[in-house]
Every structure is written in C-alpha cells, then in structure tokens.
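Q: Could you take a close look at a single part of this one for me? I'd like the neighbours spelled out.

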Protein chains: 2
Amino acid sequence: MYQSKMKLNKTTEKVIISLLKAKGNKMDIWELSRKCGYLLDVIKSAELLKKVGAVKLENSTVTLTNKIKFPEYLVKNERPLNEVMRKYTAYRKRAVFSNDDYDQLSILPGAVYNKLAVMLKKNDLRNRDVLCMGDDDLFSVACSLTALPKSITIFEVDEKVIGFINKISRELPIPIKTVSLNLLKSLPKSYSGSFDVFVAEPPDTVKGTLLFVSRGIQALRKDGVFYLGMTEVTLNKKQWLEIEKTVLATGIALTDIIGDFEEYVIEGNELTWKGFEKLPKWVNKPAKKPWFVSTLFRGEVAGVKKPIKFSFKDVKKELITSLLP
Amino acid sequence: MYQSKMKLNKTTEKVIISLLKAKGNKMDIWELSRKCGYLLDVIKSAELLKKVGAVKLENSTVTLTNKIKFPEYLVKNERPLNEVMRKYTAYRKRAVFSNDDYDQLSILPGAVYNKLAVMLKKNDLRNRDVLCMGDDDLFSVACSLTALPKSITIFEVDEKVIGFINKISRELPIPIKTVSLNLLKSLPKSYSGSFDVFVAEPPDTVKGTLLFVSRGIQALRKDGVFYLGMTEVTLNKKQWLEIEKTVLATGIALTDIIGDFEEYVIEGNELTWKGFEKLPKWVNKPAKKPWFVSTLFRGEVAGVKKPIKFSFKDVKKELITSLLP
C-alpha cells in the first residue's frame with residue numbers, strides 16, 4: 001500500500017509536480033521526459049507511482065488518479081515570486097552589507113529573482129536542506145520567503161550579517177540557522193554530507209572560488225546540487241577551465257552555465273577595488289550603472305563524491321575579488 | 001600607422017562591434033567589460049585601438065573617433081534574423097532529411113534561430129571559418145544566409161544532403177564547401193587546425209558525442225570554439241559528467257550550457273527508435289508535439305589544445321541515438 005512517508009527520489013518528485021500542474025493532471029511520457037529528464041528514470045518513476053496506486057498508465061499517458069496521500073511538501077502551491085520579492089526587498093532596505101574585508105558586494109534583487117526562478121524550475125527548493133555560503137545579499141531570506149525548503153542554514157564570517165539574520169529569523173516562514181564560520185578553517189565534521197543544495201557567490205579568484213566549492217562539496221549529500229556565481233570580468237577562460245576541471249574531478253556534472261545572469265549593485269568605488277589601482281590613468285571614473293555580472297553555474301553530484309584536490313596555499317591573498325595578475 | 005589589414009584579436013573585434021552599436025559610438029570601460037569579457041583584455045584592446053588612432057580614451061570612456069579603416073567584416077550590418085529565417089525555411093521546405101541510418105533528426109527552425117542568435121552575440125560568425133559536422137538540418141545554409149562567415153564547410157556522410165547543398169550553394173551569399181566524410185575514419189590532415197567554429201548535433205550516446213567532438217577538436221584552430229547539442233532524454237548525468245570531463249581534458253573551457261534549447265521535429269516514429277522497443281507496453285503511442293530537446297553547450301579552447309583521450313572501441317554501435325542500456 002502507498003505510504004505517504006515513503007522517500008521519493010528526485011525524478012519521482014518532478015513527475016508528481018509536473019502532473020499536478022498539468023491540465024487534467026495528465027501528460028504523455030514524451031512531454032514528461034522533456035520536463036523531468038532521463039527517459040528511463042521517468043518511466044521508472046511512473047511505474048513506481050502506478051504500483052502505489054497514484055497514477056494510471058495508458059496509451060503513453062500518465063494520469064494522476066489519487067493525489068491525496070502525496071507528502072505535503074509536494075502538493076503545496078508555490079508562492080508567487082513577485083510576492084516573495086516584495087517582502088525580500090523590504091528586508092534588503094533594512095540592511096546593506098558592503099564590507100570589503102569580506103569581499104561583500106550584493107547581487108541585485110533582479111538576480112535574486114532569476115536565481116529563485118531557476119531553483120524552482122529545477123526543483124531545488126522544495127523540502128531541501130539549503131546552505132548559503134556567505135549571505136551578505138540575504139539570499140537565505142529570499143529562500144525562506146518561498147516557504148518551500150525543509151531547512152535553511154548560512155555559513156557566514158561577518159557577525160553583522162549573522163546578527164541581522166538572527167533578529168529577523170523568527171518573522172520568516174522558515175527559520176534560518178546561522179553558523180559563524182571562517183571558510184579558511186576546515187569544516188566541522190558535523191556539517192559533512194548534510195545539505196541538498198549549496199549556493200555561493202565566492203570571491204572571483206581561482207583559489208577563492210575553489211575554497212568555497214571545496215567546503216560546499218564537503219557539506220553536500222551524495223546527490224547534492226550547487227549554484228555558483230562566477231564572473232568573466234576578473235577571471236579569464238584559462239582560469240575558468242582550471243576551476244571547471246577541479247569541480248568535475250569531485251564527481252559533479254555541470255548542468256547549466258547561464259551567462260550575464262547576476263548583476264551586482266554598484267557602489268561607485270570600483271577604483272578602490274583590489275588590483276584596480278593598477279589600471280591605466282584614463283580609467284579614473286567609477287561606473288554609473290550596474291556592470292559587474294556573474295555567470296550562474298549549476299552542478300549536480302553525478303558520480304561518486306570526492307573531496308576537492310587543490311592546493312590552497314596562499315588562498316588568503318585571494319579571498320577578495322581582484323585583478324590578478 | 002593604422003593598417004586596415006592588421007589581425008585583430010577576438011576581444012578587440014568585440015570592442016569595435018560594441019562601440020559601433022553604442023549610442024554616440026562610446027561606452028565606459030565598465031559597460032564594455034560587461035559586453036566583451038575579461039577586464040584586462042578589454043583594456044588592452046582599448047589601448048591598442050588608441051595607438052592606431054581609432055578611439056580616444058578619457059574619463060573611463062572609450063569613444064570611437066575613426067572607423068573608416070576597420071575591416072569590412074566588422075563594419076557591415078547584421079542582416080535581420082527574421083529575414084535570414086524566412087529564406088532558410090524556404091530551403092527547408094525543399095529538403096527534408098530523416099534517414100535513421102545516419103541518425104538524422106532535424107532541429108526545428110526555432111532552434112536554428114536561437115542558435116544563430118547566440119552565435120551572433122558571442123561573435124562566432126563574423127569572418128569565421130565555420131564547420132558544420134553533419135548537416136541534415138541545413139544549419140550551414142542558415143549560417144550562409146547571415147552573410148557573415150568567411151567560409152562554411154560541411155562534413156557529411158549522406159550523399160543526398162551533399163547533393164542538395166551543392167545544388168543550392170551558388171544561390172547563397174557564401175558558398176558552402178561540402179566534404180563527403182565518414183567520421184568513423186580519421187580526419188584527413190589537411191583539415192587539422194583549419195576552423196574557428198564547429199557546430200554539431202551528435203548521436204546522443206557517450207561514444208557518439210565524443211567521436212564528433214574528437215574530430216571537431218582536431219579541426220579547430222588553437223583559439224577555436226564549438227557548439228554542441230546534447231540531450232537529457234537518453235543521456236543521464238553520469239554520462240554527461242564523462243563527456244564533460246573528456247572535453248575539458250582537451251583544453252576546452254565550457255562557457256555556456258543552456259537547457260531545453262533545441263527542439264527537434266517530430267516524425268511520429270519514436271516507438272521504432274533504437275532501444276525504444278524495450279519500453280514497457282503502455283508506451284504505445286508516439287509523441288503528438290515536439291518533445292525531444294537538446295541542451296546547447298558552447299566551449300572555447302582555453303588551454304593548450306590536446307587530442308581527445310577516449311577509447312572508441314565499438315563506437316559503431318553508438319552512432320544512433322538510443323536508449324542504453
């Protein structure tokens with residue numbers, strides 16, 4: 001008999017969500033595969049759902065016949081993103097973090113919206129244990145306002161950010177757990193393999209990015225997912241290649257690379273950015289509108305998860321986005 | 001003195017194109033970096049253009065002062081994509097290729113449009129030597145109709161495709177060179193390092209994809225670029241990881257992975273696709289609307305280009321998109 005407590009795999013979750021949204025709660029196997037991925041896995045999920053009495057399978061079509069027993073987290077409606085963003089921007093107005101010692105520069109609310117939209121589409125929020133590594137842009141708050149994750153945790157070095165999140169956490173649909181942590185130090189064992197998703201906007205240097213990814217991968221479960229912002233402005237393609245190779249060696253497949261995705265706020269202080277003092281003299285005015293953008297990377301653990309292999313010697317010098325060399 | 005024949009690097013080309021399109025033919029260095037990539041390279045390009053008397057540099061702003069001597073390929077206007085597509089679809093109507101022996105299934109015109117749009121944005125068409133590996137969807141014709149590439153070549157195994165292209169080639173803005181070639185055989189040396197861009201929609205199997213990529217990489221110049229379609233329908237994430245790792249080992253960095261990008265035509269014969277006869281009995285009706293989609297991968301040679309390392313034993317069995325295992 002169907003157990004509402006049964007653990008559903010990610011493909012099965014996607015199949016259920018797709019059917020719930022579909023007209024007449026039915027889709028043919030072809031459309032379902034387009035939405036949910038690898039055809040053989042989608043068929044397996046459909047047959048499992050048949051076995052537990054939730055769907056009927058006929059003429060290439062999967063029809064939901066009994067949805068009352070699906071777990072609550074799958075059945076509940078998404079809150080409209082506009083509403084989420086309205087509340088999120090109100091929190092942003094109460095707190096701006098821009099401490100260069102911590103390489104803080106927030107992505108714009110539009111970028112938060114875009115990232116949430118991708119995470120919803122990929123089903124990386126519902127019932128997930130989400131980890132935000134560094135949270136000066138309050139992305140954890142946006143996640144919480146969707147009311148979808150199972151839990152939200154931030155690793156953060158700045159006590160001001162932690163203080164603010166702790167203060168507002170009780171007002172939020174899902175409380176945010178704050179962990180005061182310097183990623184330079186190794187991750188406490190208790191966090192290993194504890195999260196479904198990590199989200200990070202690391203310093204845009206090779207070692208800075210890989211340090212964040214290294215801790216993040218340790219924190220991920222064996223079928224975990226990550227979202228990573230990486231720029232073209234201060235990292236060239238040779239450096240991208242180095243980062244990508246190191247990431248793939250941990251067993252993670254890249255599933256999405258979306259360019260010009262995340263706009264950052266402008267603070268008008270580009271000329272004081274690390275290394276920017278070396279720019280030629282005619283570069284003497286800061287930017288007038290947002291220009292610093294990141295590409296969004298999404299990856300999934302696809303093989304056996306392995307720790308990152310990379311020398312973090314001198315990583316301290318690369319914890320600030322900078323023009324190197 | 002400025003030489004109109006001077007060889008411009010890719011960043012400099014992008015800077016010129018961006019300035020030509022900009023209001024007042026000027027942009028500040030920040031916006032220019034957003035459009036053209038790695039900041040230090042953009043600054044180098046701006047200073048080179050200053051040296052040859054083409055721009056002035058002042059207050060962080062690059063202003064075009066003299067454009068008459070830029071090479072023709074940079075100055076000429078893009079033809080509107082809608083016009084390109086109108087002509088392209090007329091050619092498509094004259095020729096449909098769907099020989100399963102060659103794993104032929106065309107992407108829809110909408111996907112051709114999307115791919116051209118990305119190639120324009122990335123400046124991968126102007127003055128490029130473009131190689132289409134397999135051309136049943138007549139993508140070479142669409143490239144030619146933009147009138148931007150320096151040359152267009154197709155590697156094709158199907159004599160019918162070659163015959164059709166040869167027949168129409170003289171009507172096109174840029175003639176298309178056809179090469180009758182079976183990718184199972186090694187590439188004639190004369191094609192090594194001869195192309196700026198290759199475009200492929202390989203059979204969606206690991207070995208099939210890597211065979212195409214292997215020949216393509218051999219054919220690319222040392223700063224070459226590729227566009228590759230890869231599906232989630234018949235390839236799982238473990239297989240994606242294997243393909244991505246092998247690609248990165250050749251010195252190519254992935255710059256874009258755009259999901260649900262290329263829709264394929266439907267022919268209503270899914271049930272006869274290789275391996276699909278093993279699907280369960282309830283899967284007994286073909287699709288009614290397009291469902292088979294590919295993700296678009298773009299990569300750039302970023303390191304030292306190396307040949308692919310992969311065993312192509314039994315690759316013959318994987319030259320048709322199929323459900324494996």
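Which residue of β8(B) does B:F195 stand opposite?

A: B:F195 sits across from B:L220 in β8(B). A word on ground rules: this is a predicted model, where local features need pLDDT of at least 70 and side-chain atom pairs count only at pLDDT 80 or more, while totals for chains, interfaces and linings use all residues. Residues are numbered from 1 along each chain as its sequence is written, chains are lettered from A and ligands numbered from 1 in the order in which they are written, and side-chain values use heavy atoms, leaving out hydrogens and water.

On one pairing, β7(B), residues 195–200, runs parallel to β8(B) over five bridges; strands pair if DSSP finds at least two bridges between them. To get from β7(B) to β8(B), the chain goes through helix α9(B), residues 206–219, in a right-handed β-α-β crossover. Right-handed here means that, with the strands pointing away from the viewer, the path from the first strand over the helix to the second runs clockwise.

There's also an antiparallel pairing: β8(B) and β10(B), residues 293–301, are joined by seven bridges. There, B:V225 has B:E300 as its bridge partner in β10(B).

How values were computed
Helix = DSSP H or I, 4+ residues; strand = E, 2+ residues; numbered from the N terminus.
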